[in-house]
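Please keep the sequence and the 3D view at hand while reading.

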Amino acid sequence: MHIATFNINNINKRLPNLLRWLKSRRPDIVCLQELKCAQGEFPHAAIADAGYHAVWRGERTWNGVAILSRHNEPIVTRTALPGDPADKQSRYIEAAVEGLLIGCLYLPNGNPQPGPKFDYKLKWFSRLRAHAKKLIAQKVPLVLAGDFNVAPTEQDIYDTKSWDDDALVQPESRAAYRKLVELGFTDALRKLHPREPMYTFWHYMRKRWERDAGLRLDHLLISPALKRRLVDAGVDRAVRGEQGASDHAPVWVELKSPRGRR
């Protein structure tokens, strides 16, 4: 079973890129972030024609998340992260798919920091951890997938000082990510590629793609119930180099079926 996450950075603008990748990779489950479209503007028909069911929570501005499934329709369990009823931003959707619980997330960027946006980022992280802790205690086969907007360590960013003041690399952001993983999650990409950078994001500015000046911001965390099923993980880097591409590349994991079949 292939599960992927892809910050599409405007689904309608990048729809041809998304459809080409879906046809090539054929993931079983896909989490999308930064839809940048209202609920009624999601390209449901095109996604269905590509062979995928979809559930989504749109937002016209910078947010919006979706879960696609190539087999059975996802059963939505949440359309928002619990813990703050006043938070109306479209950053989390959760669904039961193929015997798994998938949490698709677009964690706040947090810039500029310090300030209210950074405070919101850390509070969002805290809410995510509280929710995930309950699910792990229930031994749920859980995958948290998405753009976490944090480069967890110095290994996850190219050699530079230009990002030192950015919310993506602050000690508080990295500590929040570490505390989440320490609940028992496996960071699938880093587990299977402990020495490689494995960048997933390259800013459009200053030829950062051409220079491979990247960051690892997109993560797939698998719960203890799934740890033994992890087979492979990777980044489809070539997608970032296409014309009209998102500034992120898709990240994927492969899990064995419960009975050991691929």
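Predicted model: local features only at pLDDT ≥ 70, side-chain atom pairs only at ≥ 80, totals over all residues.

**Helix α1**

Helix α1 spans residues 15-25, and its buried residues are Leu15, Asn17, Leu18, Trp21 and Leu22. Viewed down the axis of α1, these buried residues fall within an arc of 160°, so they line one face of the helix. An α-helix has 3.6 residues a turn, so residues three or four places apart point the same way. On the face of α1 turned away from the buried side are the exposed residues Lys23 and Ser24, while the cover over the buried residues of α1 includes β1 (2-7), β2 (29-33), α2 (44-49) and β4 (65-69).

In soluble globular proteins, nonpolar side chains tend to be buried together. Here the largest nonpolar core has 41 residues, and the members that touch the most others are Ile3, Ile29, Ile67, Leu100, Ile102, Val143 and Leu215. Strand β7, residues 100-106, gives this core its largest share, which is four residues. A second core, separate and made of 24 residues, includes Leu101, Trp124, Val140 and Leu144. Leaving aside residues up to four places away in sequence, leucine 215 touches Ala151, Asp156, Ile157, Tyr158, Trp163, Leu168, Tyr199, Thr200 and Phe201.

**Salt bridges**

Side chains of opposite charge can pair when their charged atoms come close.

| Pair | N to O distance |
|---|---|
| Arginine 20 and glutamate 242 | 3.4 Å |
| Arginine 190 and aspartate 156 | 2.6 Å |
| Arginine 216 and aspartate 187 | 2.9 Å |

Arginine 20 and glutamate 242 form a salt bridge that links distant parts of the chain, with arginine 20 in helix α1 and glutamate 242 in the loop between β11 (230-235) and β12 (251-255), 222 residues apart. Arginine 20 is partly exposed, at a relative accessible area of 42%, and glutamate 242 also counts as partly exposed, at 28%.

The salt bridge between arginine 190 and aspartate 156 joins helix α5 (residues 188-192) to the loop between β8 (142-147) and α4 (171-181), its two residues being 34 residues apart. Both arginine 190 and aspartate 156 are buried.

The salt bridge of arginine 216 with aspartate 187 connects the loop between α5 and β10 (218-222) to strand β9 (residues 186-187), across 29 residues. Arginine 216 and aspartate 187 are both buried. Through salt bridges that share partners, Asp156, Asp187, Arg190 and Arg216 are joined into one network.

**Aromatic pairs**

There are four aromatic pairs in the structure. One of them is the edge-to-face pair of phenylalanine 6 and tryptophan 21, 5.4 Å centre to centre with 70° between the planes. Phenylalanine 6 lies in strand β1 and tryptophan 21 in helix α1, so this pair ties together parts 15 residues apart in sequence. Phenylalanine 6 is buried, with a relative accessible area of 1%, and tryptophan 21 is buried as well, at 3%.

Phenylalanine 42 and tryptophan 56 form a stacked pair, 4.3 Å centre to centre with 10° between the planes. Phenylalanine 42 is in the loop between β2 and α2, and tryptophan 56 is in strand β3 (residues 53-57), 14 residues apart. Phenylalanine 42 is buried, at a relative accessible area of 6%.

Methods: Residues numbered from 1 in each chain as written. Heavy atoms only, no water. Core = buried A, V, L, I, M, F, W, Y, C linked by side-chain atoms within 4.5 Å. Buried < 20%, exposed > 50% of the residue type's maximum accessible area, 1.4 Å probe, protein only. Contact = heavy atoms within 4.5 Å. Arc of directions from axis to C-beta. Salt bridge = Lys/Arg side-chain N within 4 Å of Asp/Glu carboxyl O. Phe/Tyr/Trp six-rings, centres within 6.5 Å; stacked < 30°, edge-to-face > 60°.
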